[in-house]
Amino acid sequence: MSNDEASSTGPLRAAIIGLGTWGQNLVRSVHGHSDVIRFSAGATRTPDRARAFAQEHRISMHESYEAALADPAVQAVVLATPHSMHATQIIAAARAGKHVFCEKPLGLSSEASEAAVRACAEHGVTLAVGYNWRFQPALQEIRRMFQDGRLGKLMHIEGNFNGPSAYRFPRGHWRHDTDEAPAGGMTGRGVHVVDAMLYLAGHIDSVTAQSMRLAQDFGVDDTTSMLFRFQGGATGYLGTVIATAEGWRMQVIGSRGWVEVGDVEHLSTWEMRVCLVDPAEPLKRNRPQTVTFPASSTERAELEHFARAALAGRPLAVPGGDEVHNVAVLEAILKSLRDDGARVSVR
Ligand SMILES: NC(=O)c1ccc[n+]([C@@H]2O[C@H](COP(=O)([O-])OP(=O)(O)OC[C@H]3O[C@@H](n4cnc5c(N)ncnc54)[C@H](OP(=O)(O)O)[C@@H]3O)[C@@H](O)[C@H]2O)c1
């Protein structure tokens with residue numbers, strides 16, 4: 001098989017950029033488990049910290065991101081780096097002709113995010129953003145239940161995503177820098193719930209937000225909440241508290257019933273509760289039913305989805321798509337916080 005044939009049939013040869021907590025988790029999710037993508041190279045700011053891990057996974061470490069981009073054997077980069085670096089690193093990858101999977105968020109401003117998406121389109125490389133919640137079987141089933149009418153019309157979504165992040169990271173850590181993590185837990189956690197909401201209810205029209213720091217005397221806000229109005233007419237609210245125990249929950253409410261998902265681990269249980277109503281018999285009380293799905297890895301699913309698109313030359317994140325809109329929602333939240341909770345249109 002020639003090199004060209006090998007490169008279009010896979011596995012996609014990727015470089016992992018950033019080998020901190022999540023970069024290592026992404027590598028583990030596919031190594032030994034996937035024929036579609038494998039990490040053959042890597043780069044990180046302090047290679048010594050990642051040396052043992054790289055050896056274990058047979059990842060050859062480059063001395064810099066630029067060196068990884070210059071490696072002809074690397075077809076794609078997977079960015080698991082601090083948020084402020086994402087947009088610039090995506091543009092550099094596009095210019096080097098490498099497909100890019102970037103951890104969330106895509107960027108910290110609409111302008112930078114749009115420039116990153118444009119660069120990928122101009123250079124003909126595939127871009128994906130790490131919104132792995134979409135690969136939860138339960139969320140996919142909820143979407144189907146609205147598409148085929150079982151839940152009726154989507155009217156309201158509420159969600160929260162909480163955990164001990166503020167306690168986990170010490171003073172001075174990038175996660176406590178408001179330039180890296182504006183709006184408290186939004187970039188670390190809340191953007192996942194926003195993405196799940198976009199997946200189910202479409203784009204957001206306007207937002208009002210509040211945010212404060214209540215538990216510690218340093219770092220980013222720990223208690224952030226907001227109200228959404230969706231372009232399709234539905235309403236929603238979201239809270240993220242990052243100085244408490246781990247857990248998340250979403251309840252999606254339609255005109256024929258509701259569905260609830262969530263757990264206390266990080267995407268490790270695979271069930272949902274469903275309760276339906278017949279509008280012709282509103283007094284008949286149905287018990288909620290628990291629906292269980294087979295366990296799966298959302299990280300592996302998202303990376304394989306990216307790899308298949310890259311190998312086929314298919315675009316994923318595109319101008320005006322959910323990944324860019326999610327950043328516009330974040331910007332509107334920040335504007336609302338500056339304007340003391342005013343309702344702000346998402347542009
Ligand atoms: N999808 C999810 O559920 C999920 C979960 C967790 C995190 N994430 C995302 O994954 C990305 C990485 O998060 P993480 O928790 O893995 O972070 P982390 O543990 O701090 O790792 C960050 C990596 O980037 C490198 N790095 C390069 N420049 C840096 C700089 N200026 N400051 C700090 N680190 C720098 C670090 O190298 P050194 O160690 O040498 O500094 C490290 O290898 C973020 O976008 C985050 O939002 C996603």
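1. In which sense do β13 and strand β14 pair, and over how many bridges? In this predicted model, β13 and β14 (residues 289-292) are antiparallel, with 4 bridges between them. If you want a residue pair to look at, R273 has T290 as its bridge partner in β14.

2. Now turn to the other neighbour of β13. Strand β12 (residues 257-263) runs antiparallel to β13 (residues 271-276), and 5 bridges join the two. Here R273 turns up again, as the bridge partner of E260. A separate point concerns the open sheet of 6 strands, which pair in parallel in the order β3-β2-β1-β4-β5-β6. Strands β3 (60-61) and β6 (127-129) are at its edges with a single partner strand each, so one side of each has no neighbour in the sheet.

3. Within that sheet, have a look at β1 (residues 12-17) and β4 (residues 76-79). These strands run parallel and are joined by 4 bridges. A15 has V77 as its bridge partner in β4.

4. Last, the ligand site, which may interest you for setting up calculations. The ligand is surrounded by 20 residues, and the closest are G18, G20, W22, R45 and T46. Sorted by class, the shell holds 11 polar, 5 nonpolar and 4 charged residues. Helix α2 (residues 21-30) supplies the largest share of the shell, with 3 residues.

Technical notes
Residues numbered from 1 in each chain as written. Predicted model: local features only at pLDDT ≥ 70, side-chain atom pairs only at ≥ 80, totals over all residues. Near = placed C-beta within 6 Å. Nonpolar A, V, L, I, M, F, W, Y, C, P; charged D, E, K, R; others polar. Pairing = 2+ DSSP bridges.
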